[in-house]
Amino acid sequence: MSLSLKIEKQFAQNTERVKSIDLHPTQPWILASLYSGSVSILNYESQTIEKSFKVTDSPVRSAKFIAREKWIVAGTDDAFIRVYNYETMEKIIEFEAHKDFIRSVAVHPTLPYLLSASDDKVIKLWNWEEGWKCTRIFEGHSHYVMQVAINPKDTNTFASGSLDGTIKIWNIGSSAPSFSLDGHSKGVNCIDYFISGDKPYLLSGCDDYTAKVWDFETKICVQTLEGHEHNVSTVCVHPELPILITGSEDGTVRIWHAATFVLENTLNYDLGRVWAVGYKKGSSQVVFGCDSGMVMIKIIDSDI
């Protein structure tokens with residue numbers, strides 16, 4: 001049975017190429033990291049830019065709010081991690097974290113930990129209560145590590161996607177992967193966890209133009225989502241709605257039923273390639289980051 005989705009475009013903002021999107025858990029803020037080396041905080045209620053500043057001369061591929069500290073953390077192509085207080089814009093710290101581009105950062109939901117993934121093929125764990133000490137290096141990928149995602153149901157574990165074509169599952173206490181998921185024919189760009197029917201799954205997007213749904217307890221791919229005409233660059237599973245979202249370099253966003261995996265909608269806002277998706281728990285709003293800006297939509301499931 002298909003969903004009855006009503007999709008409302010709420011606003012669009014033209015910017016330079018957006019590489020990551022994060023939504024603040026309590027404020028009406030979108031954090032966008034830009035290929036130009038800047039980050040911006042947009043207020044989606046007033047539809048204005050609250051703050052925008054230059055981080056570095058190289059692309060900022062991943063930036064996240066650490067709301068409990070009032071921080072923004074950014075990982076950049078110059079291999080540095082930089083942390084800012086988002087109220088004062090004071091730089092808290094900057095340090096060289098990797099030997100190559102930083103593709104992804106992920107904030108632990110409760111512990112003072114940050115994971116970073118890089119083209120140097122490793123993932124690192126940083127503890128900000130110990131002066132941003134690197135407490136573990138995770139090795140096992142043979143190509144660029146494109147994204148890391150912490151398991152929301154077991155925050156001692158996380159997943160990574162790599163251009164070596166694999167997804168690896170890790171435990172924070174071990175430097176070696178617990179296991180790998182193999183099935184994509186090209187590099188894996190993006191991953192997200194979700195729960196369906198009380199079972200944990202992973203969604204992955206790939207340069208083979210597909211997304212895959214994995215039962216990572218059985219280590220089996222249960223569905224391949226086909227239809228994009230270029231690399232799948234970002235995936236997201238909405239926490240409030242029964243949908244999977246995939247964004248692609250073909251310029252489209254596709255919305256799939258999270259239980260049946262049927263394609264429900266295809267969206268194209270003519271902003272170029274889609275690089276990032278962001279959402280907020282407790283909200284039906286979704287933000288897409290693209291080559292020439294970002295767009296916020298509201299998705300209403302009239303069956304709920």
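## Basis of the model

The model is predicted, with local features requiring pLDDT of at least 70 and side-chain atom pairs counted only at pLDDT 80 or more, while totals for chains, interfaces and linings use all residues. Residues are numbered from 1 along each chain as its sequence is written, and side-chain values rest on heavy atoms, with hydrogens and water left out.

## Overall architecture

The chain contains 28 strands and zero helices. These elements are DSSP runs numbered from the N terminus, with helices being H or I runs of at least four residues and strands being E runs of at least two. The radius of gyration is 18 Å, close to the 19 Å given by the globule rule for 304 residues, so the chain is as compact as a globular protein of that length. The radius is taken over C-alpha atoms, and the rule is 2.2 Å times the number of residues to the power 0.38. The C-alpha trace spans about 50 × 45 × 30 Å along its principal axes.

Of the 304 residues, 58% count as buried; the term denotes under 20% relative accessible area, whereas exposed denotes over 50% and partly exposed lies in between (1.4 Å probe, protein chains only). Among contacts between residues at least 6 apart in sequence, 42% join residues at least 24 apart, a contact being heavy atoms within 4.5 Å.

## Surface and charge

The accessible surface comes to about 12200 Å², and 44% of this area belongs to carbon and sulfur atoms. Accessible areas come from the Shrake-Rupley method with a 1.4 Å probe, and for residues only the protein chains shown count as cover.

The chain carries 29 positive and 38 negative charges, whose mean positions are 2 Å apart. Lys and Arg count as positive and Asp and Glu as negative, without His and the chain ends; each charge is placed at NZ of Lys, CZ of Arg, CG of Asp or CD of Glu.

## Aromatic pairs

The structure holds 14 aromatic pairs. One of them joins F95 and W126 in a tilted arrangement, with 4.8 Å centre to centre and 55° between the planes. This pair links distant parts of the chain, since F95 belongs to strand β9 (residues 91-96) and W126 to strand β12 (residues 123-127), 31 residues apart. F95 counts as buried because its relative accessibility is 13%, and W126 is likewise buried, at 6%. The pair of F194 and Y201 is stacked, with 5.4 Å centre to centre and 20° between the planes. Rings of Phe, Tyr and Trp (its six-membered ring) pair if their centres lie within 6.5 Å; planes under 30 degrees apart count as stacked, over 60 as edge-to-face and the rest as tilted.

F95 and W126 also belong to one aromatic cluster, together with W71, W128 and W132.

F194 is situated in strand β18 (residues 188-196) and counts as buried, its relative accessibility being 6%. Beyond residues up to four places away in sequence, F194 touches K199, P200, Y201, L202, L203, V213, V237, L244 and A258. Between F194 and E50, 144 residues apart in sequence, the C-alpha to C-alpha distance is 32 Å.

Leaving aside neighbours within four places in sequence, I243 is in contact with L3, L5, C236, V237, H238, I255, W256, A258 and I299. I243 and N156, separated by 87 residues in sequence, are 26 Å apart in space, C-alpha to C-alpha.

## Loop residues

Two residues other than glycine have positive phi values: A79 near 75° and K219 near 65°. A79 lies in the loop between β7 (71-76) and β8 (80-85) and is buried at 4% relative accessibility. K219 is found in the loop between β20 (211-215) and β21 (220-225) and counts as partly exposed at 42%.

N268 is placed in the loop between β25 (263-267) and β26 (274-279) and is partly exposed, with a relative accessible area of 42%. Not counting residues up to four places away in sequence, N268 touches G251 and T252.
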